[in-house]
Amino acid sequence: MTNTIHASHPAIVKRLRRAEGHLRSVVAMIEAGRPCLELAQQLHAVEKAIGQAKKTLIRDHLDHCLGEAAQALPAGQQRSIEEFKEITKYL
């Protein structure tokens, strides 16, 4: 495996840093005894932000790394790779 920086990585890092700050604020909310409904809503937002960062990273990897590797495959196998990339949008 090689260490590769993709164009999406800076945006992913930015999103994760925001989520990190948001999570710290949720911890402070818990320590301050804020209502459970507020905590659940904020934790949901943190979870969604991290999940979106993960999806972006995986899709970027599929588009660039897997896509590049698939170029050497026969057309039928390339179509299978494209289908795989497409179906991952529903994960």
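This is a short tour of selected residues in the structure, stop by stop.

The model is predicted, so local features need pLDDT of at least 70 and side-chain atom pairs count only at pLDDT 80 or more, while totals for chains, interfaces and linings use all residues. Residues are numbered from 1 along each chain as its sequence is written, and side-chain values use heavy atoms, with hydrogens and water left out.

**Stop 1: a surface patch**

Select Leu 23, Val 27 and Leu 43. Together they form a nonpolar patch on the surface with about 220 Å² of accessible area. Such areas come from the Shrake-Rupley method with a 1.4 Å probe, and for residues only the protein chains shown count as cover. A patch is made of residues with over 30% relative accessible area and no salt bridge; like charges are joined within 9 Å, and nonpolar side chains (Val, Leu, Ile, Met, Phe, Trp, Tyr) within 5 Å.

Leu 23 sits in helix α1, residues 9-31. Helices (H or I, at least four residues) and strands (E, at least two) are DSSP runs numbered from the N terminus. With a relative accessible area of 35%, Leu 23 is partly exposed. Buried means under 20% relative accessible area, exposed over 50%, and partly exposed in between (1.4 Å probe, protein chains only).

**Stop 2: a pair in helix α1**

Now select Arg 24 and Glu 20. They form a salt bridge, with the closest N and O atoms 3.5 Å apart. The term means a side-chain nitrogen of Lys or Arg within 4 Å of a carboxyl oxygen of Asp or Glu. By this rule there are 5 salt bridges. Both residues lie in helix α1, 4 residues apart, about one turn of the helix. Arg 24 is exposed at 52% relative accessibility, and Glu 20 is partly exposed at 43%.

**Stop 3: Arg 34 and Glu 38**

Go on to Arg 34, whose side chain meets that of Glu 38 in a salt bridge at 2.5 Å, N to O. Arg 34 is partly exposed, at 40%; Glu 38 is partly exposed too, at 27%.

**Stop 4: Lys 85**

Finish at Lys 85 in helix α3, residues 75-87. Is Lys 85 buried or exposed? Its relative accessibility is 12%, which counts as buried. Leaving aside neighbours within four places in sequence, Lys 85 is in contact (heavy atoms within 4.5 Å) with Leu 62, Asp 63 and Gly 67.

Glu 82 is partly exposed, with a relative accessible area of 46%. Salt bridges that share partners join Asp 63, Glu 82 and Lys 85 into one network.
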